[in-house]
Amino acid sequence: METAFVLAWIEETAQRVAAARDRLTELDAAIGDADHGANLDRGFSEVRRALAESVPATPGEALTATGATLIRKVGGASGPLYGSFFRSMGKALQEGAGFPEAFAAGVVAVERLGKAAAGDKTMIDALAPASKALAAAVHEGLEPAEAFERAARAAADGAKATIPLRARRGRASYLGERSIGHEDPGAASSALIVAALGKAAPSW
C-alpha cells in the first residue's frame, strides 16, 4: 500500500465532509449540539494543512498524523473518537497489519473509547459493518475497488439503520425516546469517510 493512497483518501474525505457540512449539522441539531458538521469540516481542513506542511513518508505515518490532528483540533466527542480511529489504524499499519486489519483496529479503538457497540446509535453502527464487509471481501479475493464499494454500502446501510433506534450512548442518549426517528450524525459522517475509500483504491 502506498502513502499516496492514504493521502488521497484523506483528501477525498475532507472534500466530502465539507460538502456535507450542513447536512451533518442538521442531523446533529435534531439530537446533539448542532456542531458536528462544522467541527468535522474544521478538523479535516486542519488535517489537510498538517499533511501538506509535513508530508508523511509512510501510510502509517499519514494516518497517525491525521488522528493526532483531529484530536487536537476537533471539539466535542468526534475529535477524540475519529482521532483514535485514524491513529489506531496508523499504528496497526506501522506494526505490519494489512489495511482491513488496520481498519478493524480503528473500529475497536472507537468502541473502547466510546464504550459503544452496534445498536447503540453511534458511529459504530456504520464502522463495524463496514469493517466486516471489507474483511469478507478481502477473504473472497476481491479487488480493492470492489471491496471498498461493499464496505461503503455496509456503512451507508448501517447509518440509515440508526434512524429507528433509541440512542444508548452519547449526548443523544439523554433524549430517550425523542432520539428515535433521527439518523445518527456520527454514523452519517462515518459512512462518508468509508465511501471516500473508493476514490483511490490501492493494490493489497
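Which residues in H3 meet Pro185, Gly186, Ser189 and Ile193 in H9? In this predicted model, the partners on the H3 side are His36, Leu40 and Phe44. The two helices pack at an angle of about 35°, and their axes lie 11 Å apart. Seen as a crossing, the arrangement of H3 and H9 is right-handed. Sorted by class, the residues of this contact comprise four nonpolar and three polar ones, with no charged residues.

Helix H9 also has a contact with helix H1, which spans residues 3–19. Here the axes come within 8 Å and cross at roughly 140°. An angle over 145 degrees would count as roughly antiparallel, and one of 65 to 115 as roughly perpendicular; H1 and H9 are therefore oblique to each other. H1 passes H9 in a right-handed crossing. On the H1 side, the contact is formed by Trp9, Thr13, Arg16 and Val17, while H9 contributes Leu192, Ile193 and Ala195. This set divides into five nonpolar residues, one polar and one charged.

The largest pocket has a volume of about 590 Å³. Its lining consists of 28 residues, and those nearest the centre are Ala77, Ser78, Leu81, Gly170 and Arg171. Several helices share in this lining: H2 (21–31), H3 (36–53), H5 (78–94), H6 (99–114) and H9 (185–195) each supply at least two residues. By class, the lining of the largest pocket has eleven nonpolar, ten polar and seven charged residues.

Key:
Residues numbered from 1 in each chain as written. Predicted model: local features only at pLDDT ≥ 70, side-chain atom pairs only at ≥ 80, totals over all residues. Heavy atoms only, no water. 1 Å grid on protein atoms, 1.4 Å probe; cavity = no way out; pocket = protein on both sides within 12 Å on 5 of 7 lines; lining within 4 Å. Points joined across faces, edges and corners; volume = space filled by probe spheres on them. Helix = DSSP H or I, 4+ residues; strand = E, 2+ residues; numbered from the N terminus. Nonpolar A, V, L, I, M, F, W, Y, C, P; charged D, E, K, R; others polar. Axes fitted to C-alpha atoms, helices over the stretch in contact; angles between N-to-C directions. Parallel < 35°, antiparallel > 145°, perpendicular 65-115°, else oblique. Left-handed = near helix turned anticlockwise from the far one by under 90°. Contact = heavy atoms within 4.5 Å.
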